[in-house]
Protein chains: 2
Amino acid sequence: MDPVTYQYYRPASRITIFAHLFGLLALILMLVWLLHYREGVNLFSYYPNQIFNVHPLLMFLGMIFLSGQALMAYKTVRADRKVQKAAHLLLHLAAICLGFVGIHAAFKYHDRRNLRHMYSFHSWIGIAIICLYILQWLVGLCMYMLPYTRKETRAMNLPWHISGGRAIFYMTIVAALTGLMQKITLMQLQLFSGESLLINFLAIFILLFGISVDISVALARYA
Amino acid sequence: MDPVTYQYYRPASRITIFAHLFGLLALILMLVWLLHYREGVNLFSYYPNQIFNVHPLLMFLGMIFLSGQALMAYKTVRADRKVQKAAHLLLHLAAICLGFVGIHAAFKYHDRRNLRHMYSFHSWIGIAIICLYILQWLVGLCMYMLPYTRKETRAMNLPWHISGGRAIFYMTIVAALTGLMQKITLMQLQLFSGESLLINFLAIFILLFGISVDISVALARYA
């Protein structure tokens, strides 16, 4: 089936339901981690750790959870094509906004603690991702929302839009997991302590969310 | 275009060339890291670190480099369909063999150093990946190499084979990057030291290899 014909509502498959399940489980574990094991979340706090905790929460909520919902919008939003496109666009926009606040929180934390910015692989790909994400969003806006783009141009660029978008989505998963990995190593948690297990399971659910979103979207194109 | 018709030789695109470039760069950086900055590679050595170094080298060479080559075999092997399929199958088999030796090296190192096995997220997804990889290989063998499978069954399962394979491939990228991240944090390298920069660039080239392999294979289906 031509990718161009992938444009009308398709019922959510079982894989989509799994994606929602993994996404919600990851969100719950993230909240338990930050609110129960850590000091809570507050961007305007006096305590640097509360400022830092905004970072993982918003990066996950925006760049992964909402981003995944945006990718699945063509399956989950029961409305016509135009509404689905608007949902796809707006969910991605919300993801970018949350991502910005999340990145700001990390920089603010470094400033408070007099730590250097941008020294890890995690931070490098993080910045690369937000730039690519915004670029992809702007190109998508011009290509698929503005009325003057020719239908052939749209169709010709759709494989790039889809593959590029998927690559960026997987990059956000990589960024999240390397970030959690860095955190768990820096905190020097005891092996198999409650918190260490919780973060490992959080990482696993984030990965499963990413994979099930990808498969759910990919299978829809063959359905 | 129906995925089933994606079965004849397609000329390698520019993206495929980028994939080769990133793969080779990652391989070179990996060798410079292990041979110049670290103590070298020897599975039967007296020194535990030389045993450990077999792990990153073979996991990358097998599960990522050869695995990526296997995914691109339908574009890069200039021969008819049967030869391409055989190359796809054998490259994946070679990847599994190298992966086994690589995992053995990590366990042998832990034993020598009296470290606990399997405590990190990296090790958990590593074991999950090798199991899924072998399962995918066996299902692929039965489904697409044995002569008695019906054409409709093959076609119906191809989207699963492709999406599942891609998910596993991205999981190996995640495993590699979390592994490098764990290593760089445990070694407590000075920020922006030569070795720390080298490992960060190694991680970036591994990620770029993964993304360019995915896009190269995905675009071929729309070509």
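Student: How many residue pairs are in polar contact between chain B and chain A?

Tutor: Six, with both residues of each pair at pLDDT 80 or more. A polar contact here is a pair of N or O atoms within 3.5 Å; within protein, one must be able to donate a hydrogen and the other to accept it, and sequence neighbours count only if both atoms are side-chain atoms. This is a predicted model, in which local features need pLDDT of at least 70, side-chain atom pairs count only at pLDDT 80 or more, and totals for chains, interfaces and linings use all residues; side-chain values use heavy atoms, without hydrogens or water. Residues are numbered from 1 along each chain as its sequence is written, while chains are lettered from A and ligands numbered from 1 in the order written.

Student: What makes B:Asp214 and A:Arg166 a salt bridge?

Tutor: The term asks for a side-chain nitrogen of Lys or Arg within 4 Å of a carboxyl oxygen of Asp or Glu. The closest N and O atoms of B:Asp214 and A:Arg166 are 2.8 Å apart, so the pair meets that cut-off. This pair crosses between chains, from helix H7 of chain B to helix H6 (residues 151-186) of chain A. B:Arg166 and A:Asp214 also form a salt bridge, again at 2.8 Å, N to O. The count between chain B and chain A is two.

Student: Why is B:Asp214 called buried?

Tutor: Buried means under 20% relative accessible area, exposed over 50%, and partly exposed in between (1.4 Å probe, protein chains only). B:Asp214 has 6%, so the label is buried. A:Arg166 also has 6% and is therefore buried.

Student: What about A:Glu195 and A:Arg38?

Tutor: They form a salt bridge at 2.8 Å, N to O. The pair links distant parts of the chain, 157 residues apart: A:Glu195 lies in helix H7 (residues 194-222), and A:Arg38 in the loop between helix H1 (14-37) and helix H2 (48-71) of chain A. A:Glu195 is buried at 7%, and A:Arg38 is partly exposed at 21%.

Terms used: Helices (H or I, at least four residues) and strands (E, at least two) are DSSP runs, numbered from the N terminus.
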